[in-house]
Amino acid sequence: MPRTLKIAAAQMGAVHRDSARQDTLSRMIKLLQSASTLDAQLVLFPETAFTTFFPRHLISDHKELDSFFEHGDNLAGSPNTKPLFDEAKKLGIDISVGFAERTADGNGYNTSVYYSASQGEVIAKYRKVHLPGTKEPFENPDAVNQLEKRYFEPGNLGFKAFRAPDLILGAQKKGAGSVQPGMGDPILGMMICNDRRWAEAWRCYGLQGVEVVLCGYNTAGFAPDLWGTRKPMTPKEAEDDAVFHHKLVMQGNSYMNSCFSVSAAKAGLEDGKYDLIGGSCITSPEGHVLAEAKTKEDEIVFAEIDLEECRQGKEKTFDFDRHRRIDQYATITLQAGVVEPELL
């Protein structure tokens, strides 16, 4: 029986260090309205969507640094974010959006939330687990830095899948009998940027029967101090590689976990210097790209999907219950770094 869902990635073009918060918010609302004209039921926004990707900067001014964070859990009540949630409620569209979170005890997290329009509230939160980069900036003054380890703590909420209510017509509800696999409200999971490169994150969701993985990101197009092959690369070669690797992990992991995935980029040239890749896309459980961004500007990437397509992989090739051999996987959880075998 078809379980169709109209889903979109809201790619955003450049947001600069001095961009006014209200201007960025207005752009996000316009994207949401554009998705509404396509009858989208769920829209994903990028990582740190409300601001520039500030972790690339060494920021010593506490007031400026604090301005990039949202404080507390009430995004639907904060003047910097509330209009987006109000519009989502008005349009009846669920949204997932990334932001920098400052907790009451002063900790920072790179966070995303899922807002259910039918419930009128945030029903799930995820904090980025795999923080890339360094705590201190590189000695090279021209380097593109990635200082998430300076501003954020590693996520502490794990990879917890959840069901999003009222998206699938006729979905079984609690109290209406046991929900069989492939039935009921869709099972979703969130990850952020670098998480998408880690198979463990996807498998945690796959083991909960995830049907759609939502991933917002800000990925540098050229950052030789951070990543890249050992040979010199031109900015064009580096960006092409970054887009290739982005699609590779979205396609490969969607296939290996028999799920759809949606990825939304913050893209373009920020502050006239920091190039971010586009490549926002929607991927099928067979690893095919169903829709992708054509620009590096504000753009809606849209597809109508059928969650029934997840069943083939979950029940055949990747039937975890029949085929996984957890007695052989201990190294994955007992060891963090590489331990090479001894030389003969």
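This is a short exchange on how terms are applied to a predicted model.

Mentor: Residues are numbered from 1 along each chain as its sequence is written. The model is predicted, so local features need pLDDT of at least 70, side-chain atom pairs count only at pLDDT 80 or more, totals for chains, interfaces and linings use all residues, and side-chain values use heavy atoms, without hydrogens and water.

Trainee: What makes the 47 residues a nonpolar core?

Mentor: A nonpolar core is a set of buried Ala, Val, Leu, Ile, Met, Phe, Trp, Tyr and Cys residues joined through side-chain atoms within 4.5 Å. Buried means under 20% relative accessible area (1.4 Å probe, protein chains only). Ile7, Tyr114, Val212, Leu214 and Ile305 have the most contacts inside this core. Another core, of 26 residues, lies apart from it and includes Phe99.

Trainee: Which strands form the open sheet?

Mentor: The order is β7-β8-β9-β10-β13-β14, with mixed pairing. Strands are DSSP runs (E, at least two residues), numbered from the N terminus. Two strands pair if DSSP finds at least two bridges between them. Three bridges join β13 to β14, so they count as a pair. The two run antiparallel. Cys281 stands opposite Glu292 in β14.

Trainee: Which strands does helix α6 touch?

Mentor: Helix α6 (residues 235–256) packs on the sheet and touches β9, β10, β13 and β14.

Methods:
Buried < 20%, exposed > 50% of the residue type's maximum accessible area, 1.4 Å probe, protein only. Helix = DSSP H or I, 4+ residues; strand = E, 2+ residues; numbered from the N terminus. Contact = heavy atoms within 4.5 Å. Axes fitted to C-alpha atoms, helices over the stretch in contact; angles between N-to-C directions.
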